[in-house]
Amino acid sequence: MSVTEKKSENGHGAALYDDNHSSSGSESAHDVFGSEEHHDIKYKRLSWQLVAVLMIAEIVSNGMLSLPSAFAWVGMVPGIIIIIFLGVFATYTSWLLVKFKLRHPEVHTMADAGYIMFGPIGREIMAFGTFAFAIFATGGQLLAGQIALSTLSDGKLCNLVYTGIFTVASLLLSLPRTFHGLGYVSIISVLSILIAGLVGMAAAAKEPVVGRSVDVVVSSNFYNAFASITNPVFSFAGHFMFFVLISEMKQPKHAMRSAYVLQTFTTIYYVVFAAVTYGYIGSAVMSPSFSSLSPYWAKVSYGIAIPNLLLAAALYAHTAAKVIFVRLFRKSHHLHSHTVLGWSAWVILVVFCNGLSFILATGVPIFNYLVGLAASLFAAWFTYGVAGMFWLHDSYHDEGGFPAWRRKWGQTLLCVFTVLAGAFICVAGLYVTIRQLVDAYASGAIPSPFSCKA
């Protein structure tokens with residue numbers, strides 16, 4: 001059965017409708033999974049509360065551990081202001097994204113949104129971006145897990161072994177076909193990173209660095225300043241998964257509740273964790289910050305954080321696999337039935353995504369820089385810039401073109417700013433990452449492929 005591409009009623013963009021459903025029917029007739037009453041595998045089972053937990057489990061992870069070092073480069077006050085601003089900004093872009101999803105229920109990934117706005121080319125570019133960023137994010141989590149396991153065992157094994165162990169565990173966790181299958185495990189994940197952060201802060205307060213330097217403001221050049229704030233910028237970069245998660249909600253209309261919970265928790269927790277850790281360790285704080293603690297407390301903190309690092313890897317790998325799986329079987333019964341082909345394809349994709357992440361993370365010496373490039377190229381747009389395009393596109397086509405923009409000039413300016421902000425973060429992030437890569441090669445800091453040492 002093929003995908004039927006239809007113009008929406010107002011003539012703009014295009015929608016992907018199921019041939020078995022009428023395009024004039026209910027919202028469930030338009031969304032990717034349709035009516036699930038007689039399906040073996042039911043995707044749309046997530047409550048908004050569980051989606052909020054999944055979002056937190058995905059976003060609040062190893063990226064949080066880089067925030068104190070960002071404070072060391074810009075100072076306490078600018079660091080706090082940056083995180084709060086980014087939290088508010090991410091909430092606004094979440095709102096734009098949710099509005100677009102509710103207006104276009106057939107959208108399952110950023111690729112579908114790209115097709116509506118820019119046609120087939122837009123779909124392929126955003127499909128590649130979604131898949132690539134999910135793979136790199138998985139690899140980043142695998143390396144975070146490697147650091148945690150190495151710290152716990154005093155580095156007695158080759159780092160490839162630690163990463164391999166984490167990869168196998170991630171593979172097993174990402175096997176359920178639906179996010180609901182990962183939903184309740186994510187509660188443990190959120191508790192894990194919450195408690196690990198609290199323990200890390202308490203350990204820093206218990207054993208503060210003597211003679212530490214804590215600055216209110218640190219003067220710096222553009223390169224060093226932006227290199228440091230890329231960590232806070234990309235610590236909010238989870239929007240590329242929002243469409244996929246909302247598609248599996250029982251009531252997508254409540255998606256914004258999940259986003260409010262996510263951004264409120266994330267912003268407050270980031271500020272408190274980064275400020276307290278930086279305040280007690282000072283400018284010598286490392287990234288990840290748990291590595292700045294005494295050996296005992298570093299082990300305790302990393303040990304508690306492992307469930308979170310593991311589930312975040314599984315969520316990213318699951319998303320990467322699902323982007324391809326739904327694309328292949330979107331209008332097929334293999335999507336929602338227990339068939340040999342459906343399950344075989346799903347298992348192969350999960351193994352492939354986890355395996356590819358492992359190979360890239362361990363076999364490509366410049367992997368960390370590639371993560372930075374992927375974040376700049378795609379996360380900057382998915383989290384910030386493209387959200388402004390969503391509103392500008394829909395208001396133009398649905399509400400009368402340029403006059404609609406003039407009538408809602410405030411919202412129009414905000415969305416234009418959002419697009420420009422995404423472009424700036426993209427370009428500046430690319431500049432910083434490429435320059436860091438060049439400097440690393442010049443200093444001989446690039447390790448060999450598949451190295452046993454970090």
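**Helix packing around α11, plus some local details**

Helix α6 (residues 159–173) packs against helix α11 (residues 295–329) at an angle of about 60°, and their axes are 8 Å apart. That makes α6 oblique to α11, a label for whatever is left once angles under 35 degrees (roughly parallel), over 145 (roughly antiparallel) and 65 to 115 (roughly perpendicular) are taken out. This is a predicted model, where local features need pLDDT of at least 70, side-chain atom pairs count only at pLDDT 80 or more, and totals for chains, interfaces and linings use all residues. Residues are numbered from 1 along each chain as its sequence is written, and side-chain values use heavy atoms, with hydrogens and water left out.

- The protein's mean pLDDT (the predictor's confidence in each residue, from 0 to 100) is 90, and 93% of its residues reach 70 or more.
- Residues 1–26 have pLDDT below 50, and this stretch has 54 contacts in the model beyond near neighbours in sequence.
- Where pLDDT is low, the predicted coordinates should not be read in detail.

**α6 on α11**
- Helices here are DSSP runs (H or I, at least four residues), numbered from the N terminus.
- Axes are lines fitted to C-alpha atoms over the stretch in contact, and angles run from 0 to 180 degrees between N-to-C directions.
- The crossing of α6 past α11 is right-handed, which is the clockwise case: the near helix is turned clockwise from the far one by less than a right angle.
- From α6, Phe 166, Ala 169, Ser 170 and Leu 173 meet a set of α11 residues that includes Ile 306, Leu 309, Leu 310 and Ala 313; contact means heavy atoms within 4.5 Å.
- Sorted by class, that contact has 10 nonpolar residues, one polar and no charged.
- For those classes, Ala, Val, Leu, Ile, Met, Phe, Trp, Tyr, Cys and Pro count as nonpolar, Asp, Glu, Lys and Arg as charged, and the others, Gly among them, as polar.

**α2 on α11**
- Helix α2 (residues 48–59) packs on α11 at about 105°, with the axes 8 Å apart.
- That makes α2 roughly perpendicular to α11.
- Leu 54, Ala 57 and Glu 58 of α2 meet Asn 308, Leu 311, Ala 312, Leu 315 and Tyr 316 of α11.
- This contact has six nonpolar, one polar and one charged residues.

- Most residues other than glycine have a negative phi, and most peptide bonds are trans.
- Asp 154 has a positive phi of about 60° without being a glycine, and it sits in the loop between α5 (110–152) and α6.
- Asp 154 is also exposed, at 53% relative accessible area (buried is under 20%, exposed over 50%, partly exposed in between, with a 1.4 Å probe and protein chains only).
- Ser 287 and Pro 288 are joined by a cis peptide bond with omega about 5°, and Pro 288 lies in the loop between α10 (255–281) and α11.

- Leu 152, in α5, is partly exposed at 35% relative accessibility; leaving aside neighbours within four places in sequence, Leu 152 is in contact with Lys 299, Gly 303 and Ile 306.
- Leu 356, in helix α12 (residues 340–363), is partly exposed too, at 25%, and touches Phe 131 and Ile 135, not counting residues up to four places away in sequence.
- Ser 376, in helix α13 (residues 367–398), is buried at 1%; on that count of contacts, Ser 376 touches Phe 234, Cys 426, Gly 429, Leu 430 and Thr 433.

Terms used:
Helices (H or I, at least four residues) and strands (E, at least two) are DSSP runs, numbered from the N terminus.
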